Amino acid sequence: MGLTTNSEIVVRTTAEGAAGRAPLLRIQNVAKSFGKNVVLRDISLDVAEGEFLTILGESGSGKTTLLRIIAGFETASAGELWMGEERLDRQPPYRRRVNTVFQSYALFPHLTVEQNVAYGLRVAKRPEAEIVSRVGEALEKVKMSAHAKSKPSRISGGQQQRIALARALVNRPRLLLLDEPLSALDANLRRQMQVELKSLQREVGISFIFVTHDQEEAMVMSDRIALLRSGELEQVATPREIYGRPATAYAAQFIGHTNLLKGEVRGGVVRCGLLTWPAALPDGPALFSLRPENIRLAAGNVATAGRVRVRGTVRHQAFHGATELIRVECGDGMMLVVRTPGSGGPLDAVELEFSPTDAGLVRESPERI
Amino acid sequence: MFSRAYKAAVTLPPLVWVTVFLLLPYLLMFCYSFWSVSESQTIVHSWNFANYGELLRVDVYWQTLLRSMWIAARVTIFSLVLGYPLAYFLSFYAGNKKDLLYQLVIIPLWVSYLVRAYAWKTILGSTGVLNTLLQYVHLTKHPLEFLLYSPFAVVLTLTHIYTPFAFLPIYAALEHIPRNLVEASHDLGATPGQTFWKVIFPLSIPGVVAGATFAFVLSLGDFLAPLLLGGPSGIMISNIVVSLFGAAYNWPLGAAISFCMLLLVVSLLVFSERLEKKWSFS
């Protein structure tokens, strides 16, 4: 991984590369406006069979709207949805082989847990014996068999969450949509559910489109992340790719911490404040993302070969347990955030080192409304 | 939290009100129902069940009570049949016209009851709007007599007057249904029809029960519509009570009938409240 490859990052929206199969869902040039308010702009995205795709974005980025368009609760202003040979966006929601887990679960309050899970099979008029066995299986899968006869109001939020999941999965959809399903749970339960949800998805092999604003959640669970910003796709890539080689300044900052270095390239050398390093880039301004964990505290006076070294003063030091975050001022007002495994105590003047290959070129993220 | 004086100041006025204007009159009425009227037209304070016996023995009383209930039942059914679709349409499909249409449903409630009852009189009378029109287009030769001064006229008028009362709680119940439940139902493959019967209607039952109770109780005790439009065949129990307290000067019997109605209405309210509770899930 070098600087040159960094500069050639393309937003990869096709799923074939990721899973090596024909896409299950193809989103083509989808746009949506509410009156004058543009919510989604020209979204194209493929979802592979069995893939766990996360749509990540801040509130107002349009992620829920995109999900609702796939489910059929909203109509796209432009663009098409294809599921195999079938034009999905022309179908009403009740004809789509897509099920949704709602943010607030949307369990039917007048039905028992069991009746909630059976709902989809009942309206499809499946034979009663089949309904009973499939509902039983689904409840078992989410470990809720003991609560089959309860009303939703009698069980906890986490349990309601499981029921919502069982109610969707029991219909064996080709695609499951999840709208911030974990956001109502407390932190511990949330982490536990992330793991459970992921392994459940592996087990059933159904494609998941998971909407969240939590970048950590997205990293933990996804095969690929589609980062949405103000109604446009910023980057679509695997968690490792998007973290290791963010395409834009926004992606770099939104997913994990980063140091954004604004530099100037001249004659194959990047100059950024007091820092310089060689780079095979055309002359002109350039923006780099350097992750805090890629900077390390150096000992001795001689720089390691091929590394950039700089002296700085520690301005702030925060202990995070396994690691420490240190803010270092490196002259010229430049502030670098460094993540290091335990420093052993308060620091003052430090020597920092990083490898130029870790400073990835990113595009500016222009302001959008 | 609050001082004693404050609590007293807040609770006392309603307490006095309820005692003076509700409890005491009811108690008095209850006492009257056991008394009797002497030959010389004075109230005799002799305690017995004669009035209740008469209520059961004399055909006109219990028959009128039954007819009143039958009229009220029909009014209830028609009010629900009209009110429910209206509320459903307003709540789910009226979009930004919702508030306007809601006001249109409410506005008739601001018009005097008497005016609305009289309006039906001018519509249904033998020289009224409807009969004139029917003869004009040669559908009938003579005015239709059954239109006015009949149970039909009473049911029609009461339905018109009490439909908004049935509509309001149904509308409120429908408005309370989280829309994501409807989406969830569609999402799970239910057609709009299935969604209505399996989700929307069951969740609106408390509103239906409340609306039905309003329509039934209010029309059961109505006396103006039968007085103005009922004729001899459309008389209701309240008309009898009114005449017993008035021209007939038999307050004890009037009180006995009133007390029976009160009992009927209260047990109905208790029943409907239980039903509403059973069907509410929030």
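These notebook entries record what I looked up in a sheet and in the nonpolar cores.

Entry 1, basis. I worked from a predicted model, in which local features need pLDDT of at least 70 and side-chain atom pairs count only at pLDDT 80 or more, while totals for chains, interfaces and linings use all residues. Residues are numbered from 1 along each chain as its sequence is written, and chains are lettered from A and ligands numbered from 1 in the order in which they are written.

Entry 2, the sheet. I looked up an open sheet of 5 strands in chain A, with antiparallel pairing and the order S15-S19-S16-S17-S18. Strands here are DSSP runs of E of at least two residues, numbered from the N terminus, and two strands pair if DSSP finds at least two bridges between them. The edge strands are S15 (295–298) and S18 of chain A, each pairing on one side only.

I noted 6 bridges between S16 (residues 308–319) and S17 (residues 323–329) of chain A. Ala318(A) has Leu325(A) as its bridge partner, and Val314(A) stands opposite Val328(A). In the hairpin of these strands, with 3 residues between them, Gly321(A) takes a positive phi near 95°. S17(A) is also joined to S18 (residues 335–341) of chain A, by 7 bridges; there Ile326(A) has Val338(A) as its bridge partner.

I took a nonpolar core as a set of buried Ala, Val, Leu, Ile, Met, Phe, Trp, Tyr and Cys residues joined through C-beta atoms within 7 Å; buried means 20 or more other C-beta atoms within 10 Å of a residue's own, with C-beta atoms placed from the backbone. In the largest core, of 102 residues, Ala166(A), Ile209(A) and Ala226(A) touch the most other members.

Key. Helices (H or I, at least four residues) and strands (E, at least two) are DSSP runs, numbered from the N terminus. A residue is buried if 20 or more other C-beta atoms lie within 10 Å of its own, exposed if 12 or fewer, and partly exposed in between; C-beta atoms are placed from the backbone.
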